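Work through the exercises below with the sequence and the model at hand. Each task is followed by a solution in steps.

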Amino acid sequence: RWIKFEEKVEQGGERWSKPHVATLSLHSLFELRTCIEKGSIMLDMEASSLPQVVEMIVDNQIETGLLKSELKDKVTYTLLRKHRHQTKKSNLRSLADIGKTVSSASRMFSNPDNGSPAMAHRNLTSSSLNDISDKPEKDQLKNKFMKKLPRDAEASNVLVGEVDFLESPFIAFVRLQQAVMLGALTEVPVPTRFLFILLGPKGKAKSYHEIGRAIATLMSDEVFHDIAYKAKDRQDLIAGIDEFLDEVIVLPPGEWDPAIRIEPPKSLPSSDKRKNMYSGGENLQMNGDTPHDGGHGGGGHGDCEELQRTGRFCGGLIKDIKRKAPFFASDFYDALNIQALSAILFIYLATVTNAITFGGLLGDATENMQGVLESFLGTAVTGAIFCLLAGQPLTILSSTGPVLVFERLLFNFSKDNDFDYLEFRLWIGLWSAFQCLILVATDASFLVKYFTRFTEEGFSSLISFIFIYDAFKKMIKLADHYPINSQFKVDYITHFSCACEPLDPDALSLLLSQHEQLTHSLMETFPFLLQYNTTIDWSALTAKDCLKYGGQLVGNNCDYVPDITLMSFILFFGTYTCSMALKKFKTSRYFPTTARKLISDFAIILSIFIFCGIDALVGVDTPKLIVPSEFKPTSPERGWFVPPFGGNPWWVYLAAAIPALLVTILIFMDQQITAVIVNRKEHKLKVG
C-alpha cells in the first residue's frame, strides 16, 4: 500500500513495514509505458460496483479485439474473487505527512483458493459474484488505519497477477466518473477512483508485480496523480509517464543494494516546479491547485465542492451545515491537546491586546462613543458566536485597520451633519446584517474562487504590513513622547535638575485671595500642597499637577525620560527575538524531542511572560494597556441600549443602506479572503 510512501508486508509476515521511498526498476517503468500504450484506457467510466466495472472492461477488450470472447467468463471470475487483506494483528504506524488525497493499494493475486480459475469455473455466476460485496466488511470498518487518512481520500486499486488461460496480457487503466465504494476490494472503506488491472500468462509473476508497484508509485506521485485526474486520453497518461521518467534518477547495479530501504525525507521538496514545467501554462490551474481536491485544501479553489453555486435559495448554507455537522463535536474534543492550549493562549493574548489597543484608537476617533469596553465586548460576543457556528472556526475575528478608518469617517460625517452617530451606526449595522444574509441566501461565496493567489498574497501582506507598521509607529511615538538625553554624562549628574515653579507668584496669590472657593477645594484635595495660608508648595507637585495649576517646569532635565524609551525598545526587540529563537528550538540539539516540541509550541506565550516578568522586575514605568476597571459604557453620555428611532430624520434610516454596503463589502472581502488563506492546500486541513 502507498500513502505518499510505500509500505509492504514481508513474506510470511502479518504487519505492514515502516513507510519507505519506493525503489523501482527502470525496466518496469518502460513496461508500464508499453502497457498504457497497448491496454484498454477507460476514463470517466460511469459504474457503481466492481462487477459492473469488470463487465465494462471485459466488453471493451472484446470489442477492440484484445480478448477472445470465450475467455470473458474466466477473466470475470478471476477479477471478482474475494480479496484477502493483511489487517490481522496489524500494527499501523502513523505517517508524519499523510495529507495526500490518493491511497494506492497494490495487491498481487495468483491462483485463488489454490486451484486454477479454469477448474472452479463451473459455478461461475453463483459463487464468484457473491464473493465480492459492495458493502465494507466488519474488519474494514474496525481498521484503525482509516483515522490516518484525510477525509476525502480516494483509492487507486492495482490488481496484478498471472493466470494459465491467457496467451497475451489483459491490461486496463480505469478512472471512474465518481469515486465508488468497491466493498472489500480496499483494505479500508475508502471510495475507489482508479483501477489498474494486469493479468498475464504464467511465468512472469515478478515482472507483473514490478509493473504494479510502478503504477502504484506513479499514482502516489503528486504530479502524475494530478495528470491522472485531468487526463483526457491515452496520450496524456503517456506524457505523464514520460515526465516522471525525465525526473527519475538511476542507480547503477552492483554499487547499491536494492534491499536497503530509504527512509522518507524529513521535508519533501516542492513539486511546483515539475507541475509548472508539465503544464507549460496551457492547463495550469490559476493557484497551483487541482480541481478535484479542493475539499480539504483550497489554494486554487477551481471546482471544489464548497465553492460551487447551487442556484437554490440558501443552497450553499444547507450544504455547509451538512458538511460541517459530522465534525461539530470533534472540533471541541480535538482541542483537548497540549498544542491546542498554546494556540488558545496565543489567540487569547492576540485578541485581548488587539481589542484594547483598537478600543483606545476607536475611543479617540469617536469621542468615546465606542471605546475599549465596547470593542472588548464586541470582540468577545461576535468571536464566541462565530466560532460556535462558523463554517471555518479557524478564522479568528478581531478588529482591523479598515474598520477603524470607516468609524472615524462616519463619526466626522455625523458630527458635521448633526446626526446622532450611535443611531446612524446602529442602522448601518442592521442594513449590513441584512445584506450579508442576502449574500448567504444567494451563495455569493462562490465568487471567492475568482480570487487568485496574487489577491490572497496581497491581502496577507497588507494585514502583516499594518501590524508591523503599527508596532514601529507606536515605538517611534514613544521615543517622541519620552525623549532620550543624548548629552547625558554620568560624571555631570550634578548639573541636571528639574523643578516646578509658579509662573508669577504675585499674580497667583492675588488670584487665590480673590477666589476663596478655589482655595477651599484645593485645601480639601491637596492639603499637603498648601502651607502658610494660600501658598502652594510648588516643589512637592508632580510634573502633571505643576502644569495643571499653572506652574512651569524649569531645568535642563525636564524634557527627558530616558529609561522608558530604552526599556520599551529592549522589551520590543527582546520579545520578538526570544519568540523567534524559541520557535526554532524544535530543531536544536538540547533536551528530548517532546520538551523541544513543547517549548516551540509555546514560544510566543513564553516570550511574552518572560519579558513581562523582566519589566515587572526592573520596575521602569513603561506604558501599559489601560483596561477599564468597571463594566459600564466608555462615554457617560450613552447607555448600553441604543434607541433605534428619534435621533435622526426618517430618511437617514433608509440612506444608511449606502454606507452599509461599504461595510458589507469590507466584511465580505476581509472574512472570505482570510478563510481562503486558512484553507490553502499546503495547510493540509483534514476538515473542510
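Helices here are DSSP runs of H or I with at least four residues, numbered from the N terminus. The model is a predicted one.

**Exercise 1.** Identify which helix gives the most to the positive patch on the surface.

Solution. 
- Start with the members: the patch of positive charge is formed by Arg408, Lys473, Lys474 and Lys477.
- Next, take the helix that spans residues 453-481, which is H17.
- Helix H17 supplies three residues to the patch, the most of any contributor.

**Exercise 2.** Classify Lys474 as buried, partly exposed or exposed.

Solution. 
- Recall the cut-offs: buried is under 20% relative accessible area, exposed is over 50%, and partly exposed lies in between.
- The relative accessibility of Lys474 is 46%, so Lys474 counts as partly exposed.

**Exercise 3.** Describe the setting of Gly360.

Solution. 
- Gly360 sits in helix H13, residues 338-365.
- Its relative accessibility is 28%, and therefore Gly360 counts as partly exposed.
- Gly360 and Val627 are separated by 267 residues in sequence, while their C-alpha atoms are 9.6 Å apart in space.

Key: Residues numbered from 1 in each chain as written. Predicted model: local features only at pLDDT ≥ 70, side-chain atom pairs only at ≥ 80, totals over all residues. Heavy atoms only, no water. Patch = residues over 30% accessible without salt bridge, like charges linked within 9 Å, V, L, I, M, F, W, Y side chains within 5 Å. Areas by Shrake-Rupley, 256 points an atom, 1.4 Å probe, with all protein chains shown as cover. Salt bridge = Lys/Arg side-chain N within 4 Å of Asp/Glu carboxyl O. Lys, Arg positive; Asp, Glu negative; His and termini not counted. Charge placed at Lys NZ, Arg CZ, Asp CG, Glu CD. Helix = DSSP H or I, 4+ residues; strand = E, 2+ residues; numbered from the N terminus. Buried < 20%, exposed > 50% of the residue type's maximum accessible area, 1.4 Å probe, protein only.
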